[in-house]
Each structure stands twice: as structure tokens, then as C-alpha cells.
Amino acid sequence: MMYFILGSQHELCKAELRAVLKQDASLVLESNTVVVIDASPLSPAELQDRLSGVIKIGNVIGEFKQWDSDSAAELIAVQAQNAAGKNKISFGLSVYDLGDPSTTRALEKDLDALGQEIKKHLKKTERPVRYVKSREPRLSSAVVETNGLLTSGGEYVLLVSPGRILIGQTETIQDFRAWEYRDFGRPARDAKAGMLPPKLARMMINLSGVDPHTATLLDPFCGSGTVLMEGALMGFEQLIGNDISEKAVHDTQRNLTWLRNEF
């Protein structure tokens, strides 16, 4: 099974996910923050690159009908010690509610104890071990990225649903730096006229349900070209934009040239 941690606009994120997956995956569980599917023909990396409303994607590696913290710690430790990359093992934990808020809160309180138990298992490898924590019981994509968790040990998530608790390992996170750079780093920005955020532009294209490799993308009110920029990155080969404002067309041209050079 594969899980998706959603962004703040939950319903839009779910709609985007459904539009991209189409009928290629069956829904297993969902909440306001998490969607779990059985499988997808697209890899986590391919889906993360396509979707703008998903913060993290990972695979389910274990399931408990009755919570057993010792067995969970052992399972996670085995996964963490096999991580390629640095000699030092760095790992982190997050808890997400999938329909059982009371059990979720209980696991949030016990999260540090679980982390220390995992750390104890990992010390038997005689490798340096670091347990990465934050103030919240869920690690942000920035914390995961800056601590190199995906290549040095892993982020492990507890997905808490009625009757079972899934354990997952995060495979990919949203490239927040690239999104921010495309928003604020492009040369032609006009805050006074209004700026469409790149994430929303990407989501709008995905919601159309079209295949980027076969369709033509037309933006009849292209502004500074945000929709066309995201379309180019998604693989559209035919892009058309027009606008009543000559300045808007010029800004779009500048931004597309910048995008080609930077990305």
C-alpha cells in the first residue's frame, strides 16, 4: 500500500490525487490529512513530481491490529539500519490520524518513548544513531529534508485508523525549495496585478485530468505565465498563451526563458 500526506487544502488535494490516479488505484483509507491506496503504476517519485497538493508519499511496511510498541520499534529499527548512505543512522517519527483521534493522541504522547526504543535497537549496530524530533508529532518536509532522513535512516509514520495501525516509510517529500524559487525567483513578478501561486497552477492543470504528453495546454489569460510554466515542467509539448496586456505577454516570455535556463 502507498500513502499520501496531504497539504492544507484537503479536499482540493484529494480531488487532484483522484484526477491524476484516475482508475489506476483503489482507495483503502482516507482522512483530512492522509490517503492510503492499494498500489499505483506510478512510483512515489513520479507522483511527487506531478502532484502539488501532496507533502509526502511513502509505502506501508507493517500493520498492527493490536498496538505493540516493542514489535513496532524492532520493525522500524530493521528498516532504518538497512538505509543506504551515511554511516550515521538518522531517523524520525510522525503520527497521523486516519479516523481514530483518541488512539492518535495516545500514540503522540508515547512517540518519544518509541523513538528511544528504536534508538536502543539501532545502537546494537555500533553505528552512530540520531533520533530527529520536532515540537509537533509530525515532521515537516523541511525537517525531513534538512536532516537528510530519506538517505540516512528514514522517516517512519504511524497511520492510526479504527482497528489497525499502519507503519509506513516515507519515500519522497515535496521539493519546497523549488516551489518557492519558481514563485519568488522568477524575473517577472507583479504583486500589484496579482500572482497565481505555482502550486495552485499545477493543481488546476491536474484537475483537468488531461495527459500532459498528448494534450495541448491553452491559457487564454496567461498573465505572467504561471500556468504555462507549470505545464512545461509537467511535459506539455504544445503550450499556447495569450493576454490582452502586452506587458503580460512580455512577462510570460521572460519567465519561460528563465524557466528553461533554471530548470
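## Exercises on a predicted model

Leaving aside residues up to four places away in sequence, E108 touches V95, P137 and R138; contact here means heavy atoms within 4.5 Å. This is a predicted model, in which local features need pLDDT of at least 70 and side-chain atom pairs count only at pLDDT 80 or more, while totals for chains, interfaces and linings use all residues. Residues are numbered from 1 along each chain as its sequence is written, and side-chain values use heavy atoms, with hydrogens and water left out.

### Exercise 1: E108

Find the element that holds E108 and decide whether E108 is buried, partly exposed or exposed.

*Solution.* 
- Step one: go to helix α4, residues 101-109, where E108 sits. Helices (H or I, at least four residues) and strands (E, at least two) are DSSP runs, numbered from the N terminus.
- Step two: recall the classes, which are buried under 20% relative accessible area, exposed over 50% and partly exposed in between, using a 1.4 Å probe and protein chains only.
- Step three: E108 has a relative accessible area of 26%, so E108 is partly exposed.
- Step four: look across to L158, which is 50 residues from E108 in sequence and 9.5 Å away in space, C-alpha to C-alpha.

### Exercise 2: two glycines

*Solution.* 
- Step three: list its neighbours; beyond four places in sequence, G92 touches V132, L139, L149, G154, E155 and Y156.
- Step four: N147 is 55 residues from G92 in sequence, and their C-alpha atoms are 9.4 Å apart.
- Step six: F221 is 73 residues from G148 in sequence and 41 Å away in space, C-alpha to C-alpha.

### Exercise 3: E126 and T146

What is the phi of E126, and which element holds T146?

*Solution.* 
- Step two: E126 has a positive phi of about 65°, although E126 is not a glycine. Most residues other than glycine have a negative phi.
- Step three: E126 counts as exposed because its relative accessibility is 74%.
- Step four: T146 lies in helix α6, residues 141-146, and counts as exposed because its relative accessibility is 53%.
- Step five: T146 and N206 are 60 residues apart in sequence and 29 Å apart in space, C-alpha to C-alpha.

### Exercise 4: the whole chain

How many helices and strands does the protein chain have, and what share of its residues is buried?

*Solution.* 
- Step one: count 11 helices and 10 strands.
- Step two: of the 263 residues in the protein chain, 46% are buried.
- Step three: the C-alpha trace spans about 65 × 35 × 30 Å along its principal axes.
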